[in-house]
Amino acid sequence: MSQEFSPPTSEWYYPSDAVKKQAIVSDYEALYRKSMADIEAFWDEQAQKLHWFEPWEKVLDTSDAPFYKWFVGGKTNIAYNALDRHVKTWRRNKLAIIWEGEPGDKQTYSYWRLWREVNKCANVLKSLGVKKGDRVTIYMGRIPELVISMLACAKIGAVHSVVYGGFSEHALADRIEDAQSKVLITADGAWLRGNIVKLKDIVDEAVHRSPIVESVLVVKRTGHDVKMQQGRDYWYHDLMGLPIASPQCETTVMDAEDPLFILYTSGTTGKPKGILHTHGGYSVYTSTTLQWVFDVKDDDRYWCAADPGWITGHSYIVYAPLIIGATEIIYEGAPNHPYPDRWWRLVAEYGVTILYTAPTAIRGLMRFGDAWPNRHDLSSIRLLGSVGEPINPEAWRWFHKVIGKEKSPIMDTWWQTETGGFMIAPMPSVPLKPGSGTRPFPGIEADVVDEHGVSCPPGVDGNLVIKGPWPGMLRTIYGDPERFKKQYFSAYEKQGWYLTGDSARKDEDGYFWIIGRNDDVIKVSGYRLGTAEVESGLVSHPAVAEAAAIGVPDDVRGNVIYAYCMLKAGVTGSPELVDALKDHIRHEIGPIAVPTKIEFVTALPKTRSGKIMRRVLKARATGAPEGDLSTLEE
Ligand code: PRX
């Protein structure tokens, strides 16, 4: 399902001398050439910058490809690199996190304070029986305890599975079940646009469905009344106040390839995939990419406005910024609460120098006009970033002019949950074209190819592939190695290439332009959803016999979902049923998956073999030509 494509522009934006002068990487071309000349030596050099309890014997093991292993035999722990090593240096008293809650409350964490909190939380988890290799599900809003819980799991070798706070009880239960988590960490609620999202109620429902959970740790955030089940539910602050929560905790020595986390993401089937990342390669990859692409220095105030519940937050809020010893901003709530200038106030107040966000947020804020940002001093900003979907040139230019004051380059970073970190992204010294992520990161060979694997000439659409392994790549789909092989490595099995699922094109200058997904994945406000998930959500309602979901371009959200439902015999469609189905999806998946439009139909366009032709539905919804209908069943 491809999104609306912004055609390549010939518009160039050259970095200023000031930007070029301070860039950590001043010559991308030379670095890229060097990396490709000897990929293993290149990653070896980057890995040396981290702490290892024991060095690796081999940088890359390809013997069981596509189950690649990186830094074989190396011993490390990502939490050691993010915290322990900093508290032994001057960074101990440097601010790691400046946090602001939606109601306006504030918290700051130096590396020292964060390290102590993580140690305490790790000891609490141990007291609940969590051991190395155990999975812990985390379901929380954007609060410091979310970061602390993730790092605490990593510290003791437990594998976290963070479920985004916008998912419903069913989605949460499925993920608990798949990961087989016995411990869950949550909060009573989360603030969103002045309202409370009642997370603990959702957890109670989910645990009722997945009784495998033995203990629930609850952070008090909103303070409203919640039910606590004795013997199962514990207040976080109670346990953190007990002597068992000592601020000292030995960091578990992990093998480079030991799992760090599972993060569920949507694919082409109804069942979300548990993407698995590891301690070693992921640490090296995320920290190197962040440092070079966003040029992060010790005196920066870095703000990635994503949610830690998604990969952007995992890599570029929780892990990479702390590994490189940055100071970062985390804000809990909505960008337009209480007014559309909340973000710009935060930028001015905290002197944000690097702001990394998504096109959907940019377009959303752009709608309110220039007066809101212009009211604030945004002069501290020196770099901007975008991720999650193609950025249309209009939004790019607004971001560049009104927020970046024409002096801050925009790092448009293309990557995926599976890739762990940026794959195609500029660096501040690289000339930009609005809407293009420019060129691959050093060590990455990306290409656009046809179905036979032949490189497409400039200007021709094809499949975006990655032609070799990289340290931050997913290692498997949790519990389903066959699906991992089939999904990512079967299309170009002979060549051993990784299939991204995106279609793209390259231009004459070798710049990459992402067109969008070419599988049945939709990006709604930058969130990744599978049409199959929405469809199986709809057919699980007693009134629906069959359903088809498609993504339709939308000015602000990138795409919205339209759904077509065939009802069971004897059921008639009504506006009430539309509302009931929307509500059903809200509970089955979450508010992000609710279709904007639900239409009742008597038939769905299908191929003779019974596959729904979503392309036809999409063409009809958008008024585009329907294309070749020869395979359409009569
Ligand atoms: O289609 C691409 C789009 O987001 C997909 C990956 O989604 P997810 O795993 O949720 O990760 C999002 C955050 C990394 C990709 O297959 N995408 C991501 N970044 C960009 C993008 N499309 C265009 N430009 C980008 N910068």
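Colleague: In which helix does glutamine 46 lie?

Modeller: Glutamine 46 lies in helix H3, which covers residues 39–47. Please keep in mind that this is a predicted model.

Colleague: Is glutamine 46 buried or exposed?

Modeller: Its relative accessibility is 3%, so glutamine 46 counts as buried; the cut-off for buried is under 20%.

Colleague: Which residues does glutamine 46 touch, leaving out those up to four places away in sequence?

Modeller: Glutamine 46 touches Val284, Thr288 and Trp292.

Colleague: And what about polar partners?

Modeller: The side chains of glutamine 46 and lysine 49 are joined by a polar contact of 2.5 Å.

Colleague: Let us change topic. In what order do the seven strands of the open sheet come?

Modeller: The order is E5-E4-E17-E16-E18-E19-E20, and the pairing is mixed.

Colleague: Why is one side of strand E5 and of strand E20 left without a neighbour in the sheet?

Modeller: Strand E5 (106–110) and strand E20 (410–413) stand at the edges, and each has a single partner strand, so one side of each has no neighbour in the sheet. On average, neighbouring strands of this sheet are turned by 20° against each other, direction ignored.

Colleague: How many bridges join strand E16 to strand E18?

Modeller: Three bridges join strand E16 (residues 301–304) to strand E18 (residues 354–357), and the two strands run parallel. Within E18, isoleucine 354 is the bridge partner of tyrosine 302.

Colleague: Which strands does helix H12 touch?

Modeller: Helix H12 (residues 342–350) packs on the sheet and touches strand E4 (95–100), E5, E16, strand E17 (327–331) and E18. The direction of H12 makes about 145° with that of E4.

Colleague: Now the ligand. Which of the 17 residues around the ligand come nearest?

Modeller: Those are Asp412, Thr413, Thr417, Arg517 and Arg528.

Colleague: What are the distances for aspartate 412 and arginine 517?

Modeller: A polar side-chain atom of aspartate 412 lies 2.7 Å from a ligand nitrogen atom. For arginine 517, a polar side-chain atom lies 2.8 Å from an oxygen atom of the ligand. The protein covers 97% of the 540 Å² of accessible area that the ligand has on its own.

Terms used:
Residues numbered from 1 in each chain as written. Predicted model: local features only at pLDDT ≥ 70, side-chain atom pairs only at ≥ 80, totals over all residues. Heavy atoms only, no water. Pairing = 2+ DSSP bridges. Helix = DSSP H or I, 4+ residues; strand = E, 2+ residues; numbered from the N terminus. Axes fitted to C-alpha atoms, helices over the stretch in contact; angles between N-to-C directions. Contact = heavy atoms within 4.5 Å. Near = heavy atom within 4 Å. Polar contact = N/O pair within 3.5 Å; in protein donor to acceptor, adjacent residues only side chain to side chain. Areas by Shrake-Rupley, 256 points an atom, 1.4 Å probe, with all protein chains shown as cover. Buried < 20%, exposed > 50% of the residue type's maximum accessible area, 1.4 Å probe, protein only.
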